[in-house]
Amino acid sequence: MSKSERVVLVLGGAGTVGSGIVKAFLDRGFKVVVISRDSSRLEKLKDFVSPSSRENLVTVVGNVGSEEGAEEAKQAVLKAVGKVTDIVSSLGFSWWQGGPPHTQTVKELHWVLETLILSTFVSWKAFFPLVREDPNCTYTFITGGAGEKLLMPGTGFLTVGAASALAFCQVLREEYPDVPCKLNQVKINTGVATPDRLAPGYLNHLDLGEAVATLVEKKNTSHTVFNVNCPADLKTILLENNM
């Protein structure tokens with residue numbers, strides 16, 4: 001299957017991490033689909049990607065955070081492009097610092113879990129069947145290292161939500177050990193930013209996008225977790241055939 005025949009659905013593609021991934025796929029000649037509840041973010045994404053590849057970007061206004069919304073979005077995607085061959089899940093937010101747990105409400109915890117894990121689960125449940133039985137297809141999760149440690153005081157709910165996402169990915173690897181679809185996870189243990197907002201040790205979202213696109217394009221690993229701790233790891237782990 002050539003790149004021009006592959007259709008990549010990037011969940012969370014309008015965000016900082018996702019936009020770098022979207023651009024990388026488009027620049028390589030893939031068709032890319034992005035779903036967002038916010039049409040203005042989709043328009044901003046269209047302005048961000050390379051003009052020469054913009055015709056290969058398909059945007060859908062929809063909500064993958066609920067079962068009904070995800071099913072509606074799936075039908076809209078299939079109507080627009082006919083099929084999906086690769087899925088990259090980059091859902092959720094990168095930061096939460098609302099304070100220690102005893103100062104929080106159950107409503108706030110629900111919101112964090114809904115954003116970080118429930119949307120990941122609901123979208124997986126809706127879209128995984130589209131690629132599950134095909135060895136030429138891929139499903140890649142982008143997760144963070146916050147689930148393994150408290151980053152700083154006041155970030156406890158971020159740790160809870162991120163840990164849930166890590167556990168969910170582990171469950172899928174162990175529950176579906178022989179699934180034909182290539183199932184992988186890229187775990188980012190540092191910050192990700194656009195070039196104008198980079199801090200020491202942070203990943204440029206464009207470089208991360210190139211690394212993820214390389215992993216998906218090659219399709220030669222499955223049930224693997226790629227840990228990215230610093231910018232150098234993008235080259236040594238993902239770009240130099242160490243996959």
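Reader: Leaving aside neighbours within four places in sequence, which residues is Val84 in contact with?
Author: Happy to start there, keeping in mind that this is a predicted model. Val84 lies in the loop between α3 and β4. Leaving aside its neighbours within four places in sequence, the residues in contact with Val84 are Val7, Leu9, Val77, Leu130, Val131 and Cys137.

Reader: Is Val84 buried or exposed?
Author: The cut-off for buried is under 20% relative accessible area. Val84 has 5% relative accessibility, so this residue counts as buried.

Reader: What distance separates the C-alpha atoms of Val84 and Arg6?
Author: Along the chain, Val84 and Arg6 are 78 residues apart. In the predicted fold, their C-alpha atoms are separated by 7.3 Å.

Reader: Which residues of strand β4 are buried on its two faces?
Author: Strand β4 spans residues 86-89, and both of its faces are covered. One side carries Asp86 and Val88, the other Ile87 and Ser89. The buried residues are therefore Asp86, Val88, Ile87 and Ser89.

Reader: Which residue in β5 is the bridge partner of Ile87?
Author: Let's look at the strands beside β4. β1 pairs with β4 in the parallel sense over four bridges, and Val10 stands opposite Val88 there. β4 and β5 also run parallel, joined by four bridges. In β5, the partner of Ile87 is Tyr139.

Reader: Which element gives the largest share of the largest nonpolar core?
Author: That core has 30 residues, and Ile35, Phe127 and Tyr139 touch the most other members. At least two residues each come from β1, β2, β3, α3, α4, β5 and α5. The largest share, five residues, is supplied by α4.

Reader: How many residues are in the other core that lies apart from it?
Author: Among the members of this other core are Val22, Leu26, Ile142 and Ala213. Its residues number 29.

Reader: Which residues does Phe127 touch, not counting those up to four places away in sequence?
Author: Phe127 is one of the residues that touch the most other members of the largest core. With residues up to four places away not counted, Phe127 touches Leu9, Leu11, Ile35, Val64, Ala70, Ala73, Lys74 and Ile87.

Reader: Why are Asp27 and Lys23 separated by about one helical turn, and how far apart are their closest N and O atoms?
Author: Both residues sit in helix α1, and they are separated by about one turn because they are four residues apart. Asp27 is partly exposed, with a relative accessible area of 40%. Asp27 and Lys23 form a salt bridge, and their closest N and O atoms are apart by 2.8 Å.

Reader: Which residue forms a salt bridge with Glu217?
Author: Glu217 is in helix α6, and its partner is 189 residues away, in the loop between α1 and β2. The closest N and O atoms are 2.6 Å apart, and the partner is Arg28.

Reader: Which residues are linked with Arg28 in a network of salt bridges?
Author: A search of the whole structure finds ten salt bridges. The network that includes Arg28 also holds Lys3, Glu210 and Glu217.

How values were computed. Residues are numbered from 1 along each chain as its sequence is written. This is a predicted model: local features need pLDDT of at least 70, side-chain atom pairs count only at pLDDT 80 or more; totals for chains, interfaces and linings use all residues. Side-chain values use heavy atoms; hydrogens and water are left out. A nonpolar core is a set of buried Ala, Val, Leu, Ile, Met, Phe, Trp, Tyr and Cys residues joined through side-chain atoms within 4.5 Å. Buried means under 20% relative accessible area, exposed over 50%, partly exposed in between (1.4 Å probe, protein chains only). Contact means heavy atoms within 4.5 Å. Two strands pair if DSSP finds at least two bridges between them. A salt bridge is a side-chain nitrogen of Lys or Arg within 4 Å of a carboxyl oxygen of Asp or Glu.
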